[in-house]
Amino acid sequence: MEKLIITVALTGNVPTKKMNPNLPVTAGEIAADVKRCYDAGAVLFHVHARDADEKPTLDLNVYKENARRIKELAPEVILQLSTGARAGKDWEERVTPRA
């Protein structure tokens with residue numbers, strides 16, 4: 001059988017719950033969706049972070065919480081944490097998120 005890697009981008013950096021009420025934005029919602037997708041065969045997850053207002057954030061604590069919650073439910077997954085350009089930050093801020 002040929003091997004296949006399934007990658008999932010759950011949040012994007014632009015969508016909001018107003019656009020799609022099923023969009024996961026909190027660490028718990030993201031982790032739960034990662035687990036569901038992992039159980040269905042996905043292994044690689046591209047994850048953006050959102051603040052309490054559901055806006056893109058570079059807050060390192062939010063990234064840590066997302067990763068912690070995901071790894072609690074699905075420790076085998078591969079995470080690609082994204083600091084996408086649409087968070088309104090320049091490249092220097094994107095490569096050095098701070099708490």
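User: What makes β2, helix α2 and β3 a right-handed β-α-β unit?

Analyst: In this predicted model, the unit consists of β2, helix α2 (residues 60–73) and β3. A crossover is called right-handed if, with the strands pointing away from the viewer, the path from the first strand over the helix to the second runs clockwise. The unit of β2, α2 and β3 is right-handed, so its path meets that clockwise criterion.

User: What joins strand β1 to β2, and how does the chain cross from β1 to β2?

Analyst: Strand β1 (residues 7–9) pairs with β2 in the parallel sense over three bridges. Ala 9 is the residue opposite His 46 in β2. The chain crosses from β1 through helix α1 (residues 27–39) to β2, and this β-α-β crossover is right-handed.

User: Why is one side of β1 and of β3 left without a neighbour in the sheet?

Analyst: The open sheet has three strands in the order β1-β2-β3, with parallel pairing. β1 and β3 stand at its edges and each has a single partner strand, so one side of each lacks a neighbour in the sheet. On average, neighbouring strands are turned by 20° against each other, direction ignored.

User: Why does Gln 80 count as partly exposed?

Analyst: Gln 80, which lies in strand β3, has 35% relative accessibility. Buried requires under 20% and exposed over 50%, so Gln 80 at 35% counts as partly exposed. Gln 80 and His 46 are 34 residues apart in sequence but 4.7 Å apart in space, C-alpha to C-alpha. Leaving aside residues up to four places away in sequence, Gln 80 touches Phe 45, His 46 and Val 47.

User: What is noted about phi of Glu 54, and why is Glu 54 called partly exposed?

Analyst: Phi of Glu 54 is near 70°, a positive value in a residue other than glycine. Glu 54 is located in the loop between β2 and α2. Its relative accessible area is 28%, which lies between the cut-offs of 20% and 50%, so the term partly exposed applies.

User: How are α1 and α2 arranged, and at what angle do their axes cross?

Analyst: The axes of α1 and α2 come within 8 Å and cross at roughly 35°. The crossing of α1 past α2 is right-handed. Among the contributors are Ile 30 and Val 34 of α1, together with Arg 69 and Ile 70 of α2. By class, the contact has seven nonpolar, two polar and three charged residues.

Note on methods. Residues numbered from 1 in each chain as written. Predicted model: local features only at pLDDT ≥ 70, side-chain atom pairs only at ≥ 80, totals over all residues. Heavy atoms only, no water. Pairing = 2+ DSSP bridges. Helix = DSSP H or I, 4+ residues; strand = E, 2+ residues; numbered from the N terminus. Axes fitted to C-alpha atoms, helices over the stretch in contact; angles between N-to-C directions. Left-handed = near helix turned anticlockwise from the far one by under 90°. Contact = heavy atoms within 4.5 Å. Nonpolar A, V, L, I, M, F, W, Y, C, P; charged D, E, K, R; others polar. Buried < 20%, exposed > 50% of the residue type's maximum accessible area, 1.4 Å probe, protein only.
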